[in-house]
Structure formats: C-alpha cells, structure tokens
Amino acid sequence: MLPDKYAYLILSLLYMVAWAIVYWKNPWKSGMIKVCAVGGIMGVIAEVWYFRDYWRPPTLFGEGMVGIEDYIIGFALFGVGGYIHSSFTKKEINYDKQTPAKNWNFFVLFLLGCGSLTLFSIGLGIHSGYVTFLTFFLLSVYIWVQRPDLIGLSLISGFATLAISFLIYYINFNILFHDFWDKYGMLDEPILGFKIANIPLSEMLWHFSWAMLCSMFRGYRNGVYYK
C-alpha cells in the first residue's frame, strides 16, 4: 500500500494525464498554458476556504498544508474544464460575429466568486462545499442569461469533466486509497457526505459546476462566438 501522503499527488497527476490529452487536441495551446498557469495559483489560494471545513489532505509537506499538489491540480482543472469543449467538439470561432471584450465584467465576476466564498463560508460559517457549488452555479446562470449561446457548450463541458473526474476518483479512491475521505474529509453534512462508489457527491458537484462555469470564460470575457 502506498503512504497516504501520495494520495493527493497521484490525484493531481491523474488530472494532468487528462490535461495532456485535452492539450494535445486543443488548437489554442499557448492560451491554454497561460490560463492554466493562473489556475495553478488559484489552486493554492483556494485552500484558504477548503482547509477550514472541507478537507485536510496530506501533502508532501505535511497534513493540511499547502503543497505542490494544489498548484498541479489547479493548473490541470483550468485546462480540462476550460478547454475540453474546444478539444472534442467541432466548434470553431465565428470570426464574423464578435462583441467587445468584457474584461471588467469578468473581473467583477471573479471578485463576486471570491467574495461569496469568503462571506458565506468564512464569515457566516456555511460549509464551503455548499457555498462553492452554489457560487459556481449562480455565476454560470448569470453568464447564460447574457450569452445563451454558451449554455450548450457549458453543459457539455460540465458532463464531460464529470465523467473524467469520476474515472480519476474511482481509480484513486477505490483502488489506491479507499479510506482517504474517512480520514481526511470533513463532509459530515447532508448531501456532501453521500458517496457514490466511495466518491463524495460533493466532489462530483464541484467538478461539474466548475467546468460548467470555466468553460465559458474565454467566450464571455473575449466576446468570442462559436459556430
């Protein structure tokens, strides 16, 4: 049996396998690398919210400590969720239809997301599992209202990433580290602690809603339409 300190690292590296496949098929490779580099930083910052009440995984640096794993998985998830649609659908940019970039709107959405997690999770003590899913979902709906053409792309990305995540989690938490969530998860809440094939439902909701949201970033922020 592998020591538990490798569980999060292996999870991160399994996502990098998925990332490599998406990257190989993706036509916008340099942009994907830049986005993922920022995503890695966000993966580290996110533990400000999640170490409090969601989980305290062992890393190479110790239990409940920020590690290289956080950067790797943030890097991978921005790539998989954000670009899977461009890698595995036939949609192309419609250069005949484009609107002005919404950089300020996008920045406001970023602040709203971080503010929501901070206010409701840290400030009001609502479990970050609930707050994260609802925040990602409501921000997605906000973009859908403005850009209904992105709804299909968003849902396809969400379900595709959900399928990939289920496979990765099944390998990591059924074959390799089957008692990980009992040891390091803090999910003793309605819905959050429910497991499917030893995988917390909260994790699947997180990955689905995240991909649903981040898959629209490029189109929404840059005013890009697809055909």
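Leaving aside residues up to four places away in sequence, Y15 touches I73, A76, L77, V80, S165, I168, Y169 and H207, where contact means heavy atoms within 4.5 Å. The model is predicted, with local features needing pLDDT of at least 70 and side-chain atom pairs counting only at pLDDT 80 or more, while totals for chains, interfaces and linings use all residues. Residues are numbered from 1 along each chain as its sequence is written, and side-chain values use heavy atoms, without hydrogens and water.

Y15 also belongs to the largest nonpolar core, which has 58 residues. Such a core is a set of buried (under 20% relative accessible area, 1.4 Å probe, protein chains only) Ala, Val, Leu, Ile, Met, Phe, Trp, Tyr and Cys residues joined through side-chain atoms within 4.5 Å. The residues with the most contacts inside this core are L11, Y15, W55, Y169, F180, W181 and W210. Helix 4 (residues 68–88) supplies the largest share, eight residues; helices here are DSSP runs of H or I with at least four residues, numbered from the N terminus.

Helix 4 also packs against helix 7 (residues 151–176), at an angle of about 120° and with the axes 9 Å apart. Axes are lines fitted to C-alpha atoms over the stretch in contact, and angles run from 0 to 180 degrees between N-to-C directions. V80, G81, I84 and H85 of helix 4 meet L153, S157, A160, T161 and I164 of helix 7.

Turning to the cysteines, the structure holds zero disulfides (pairs of cysteine sulfur atoms within 2.5 Å). The sulfur of C36 is too far for a bond, because the closest cysteine sulfur, in C214, is 9.2 Å away.

Conventions: Buried means under 20% relative accessible area, exposed over 50%, partly exposed in between (1.4 Å probe, protein chains only). Helices (H or I, at least four residues) and strands (E, at least two) are DSSP runs, numbered from the N terminus.
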